[in-house]
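Dear colleague,

Please find the structure below, followed by notes on what turned up in it.

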Amino acid sequence: MNVCNLLGKIIENVSFDFIYKGKAVSIARSKILCGSSVIDIYGYDNVADYMYRNINVGDIVYIYGNISKFGVLCKYIVKV
């Protein structure tokens with residue numbers, strides 16, 4: 001997977017779900033606006049918990065993650 005660093009604005013509420021019969025227990029998904037591109041982001045377990053608790057629409061966030069076929073898998077996310 002390719003490593004990426006993103007800085008952008010959250011444009012969709014974070015959705016939180018539980019995963020059954022998988023390595024991860026939970027997943028959180030949202031969308032980020034970087035320049036003129038809309039990118040799907042998602043995170044598992046601890047990152048998902050942080051996203052659900054702390055990230056809201058309109059927040060500017062920094063993301064370190066990996067590019068996948070579903071979007072960007074967040075390894076680290078923080079509000080700026």
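Asp-59 forms a salt bridge with Lys-79, with 3.6 Å between the closest N and O atoms (a salt bridge being a side-chain nitrogen of Lys or Arg within 4 Å of a carboxyl oxygen of Asp or Glu). Asp-59 lies in the loop between H1 and strand E5 (60–68) and Lys-79 in strand E6 (residues 71–79), so the pair ties together parts that are 20 residues apart in sequence; helices (H or I, at least four residues) and strands (E, at least two) are DSSP runs, numbered from the N terminus. Asp-59 is buried at 16% relative accessibility, whereas Lys-79 is partly exposed at 39% (buried means under 20% relative accessible area, exposed over 50%, partly exposed in between, with a 1.4 Å probe and protein chains only).

This is a predicted model, in which local features need pLDDT of at least 70 and side-chain atom pairs count only at pLDDT 80 or more, while totals for chains, interfaces and linings use all residues. Residues are numbered from 1 along each chain as its sequence is written, and side-chain values use heavy atoms, with hydrogens and water left out.

By the rule above there are four salt bridges. Among them, Arg-53 and Asp-49 meet at 3.2 Å, N to O, and, being four residues apart in helix H1 (residues 45–54), are separated by about one helical turn. Arg-53 is exposed at 62%, and Asp-49 is partly exposed at 32%. Lys-31 and Asp-40 also pair, at 3.9 Å, N to O.

Best regards
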